[in-house]
Amino acid sequence: MGIQLEKLIEKDPDIIIGAEDAKEYFEKTSGYKDLTAVREGRVYAIDVNLLERQGPRLAEGLVKLYEIFHSESLPDSPAN
């Protein structure tokens, strides 16, 4: 189930995380290009299997989300 474009524009998210093809879709699709997350390069792709399938890979998905939200705190981050 996706989010309606009108609702997404209304919320204007600072960050978008989606399936692996999400970044290209948001950057190329009319209406989405003006969102703050897209304009500022904060659209991230993640393998949905890491989040949707129950099992040990959920921990890997959690690590990926942490890396997206807190990349500045990682030891090899350019910010450090």
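**An aromatic cluster and a nonpolar core**

Mentor: Ring pairs link Tyr25, Phe26 and Tyr32 into a cluster. This is a predicted model, where local features need pLDDT of at least 70, side-chain atom pairs count only at pLDDT 80 or more, and totals for chains, interfaces and linings use all residues. Residues are numbered from 1 along each chain as its sequence is written, and side-chain values use heavy atoms, with hydrogens and water left out.

Trainee: How many aromatic pairs are there by this rule?

Mentor: Three aromatic pairs. The rule takes rings of Phe, Tyr and Trp (its six-membered ring) with centres within 6.5 Å; planes under 30 degrees apart are stacked, over 60 edge-to-face, the rest tilted.

Trainee: Why is the pair of Tyr25 and Phe26 called edge-to-face?

Mentor: The ring centres of Tyr25 and Phe26 are 5.9 Å apart and the planes stand at 80°, so the pair is edge-to-face.

Trainee: What makes the pair of Tyr25 and Tyr32 tilted?

Mentor: Tyr25 and Tyr32 have 5.6 Å centre to centre and 50° between the planes.

Trainee: Why is Phe26 called buried?

Mentor: Buried means under 20% relative accessible area, exposed over 50%, partly exposed in between (1.4 Å probe, protein chains only). Phe26 has 12% relative accessibility, so Phe26 counts as buried.

Trainee: How do you know that Tyr32 is buried?

Mentor: Tyr32 is at 9% relative accessibility, so Tyr32 counts as buried too.

Trainee: Why is Tyr25 called partly exposed?

Mentor: The relative accessible area of Tyr25 is 44%. That value lies between 20% and 50%, so Tyr25 is partly exposed.

Trainee: Which residues make up the largest nonpolar core?

Mentor: Nine residues: Leu8, Ile16, Ala22, Phe26, Tyr32, Leu35, Ala37, Val38 and Val43. Helix H2 (22–28) and helix H3 (36–39) each supply at least two residues of this core. Helices here are DSSP runs (H or I, at least four residues; strands are E, at least two), numbered from the N terminus.

Trainee: What makes such a set a core?

Mentor: The members are buried Ala, Val, Leu, Ile, Met, Phe, Trp, Tyr and Cys residues joined through side-chain atoms within 4.5 Å.

Trainee: Which residues is Ile16 in contact with?

Mentor: Leaving aside neighbours within four places in sequence, Ile16 is in contact (heavy atoms within 4.5 Å) with Phe26, Leu35, Ala37, Val38, Arg42, Val43 and Tyr44.
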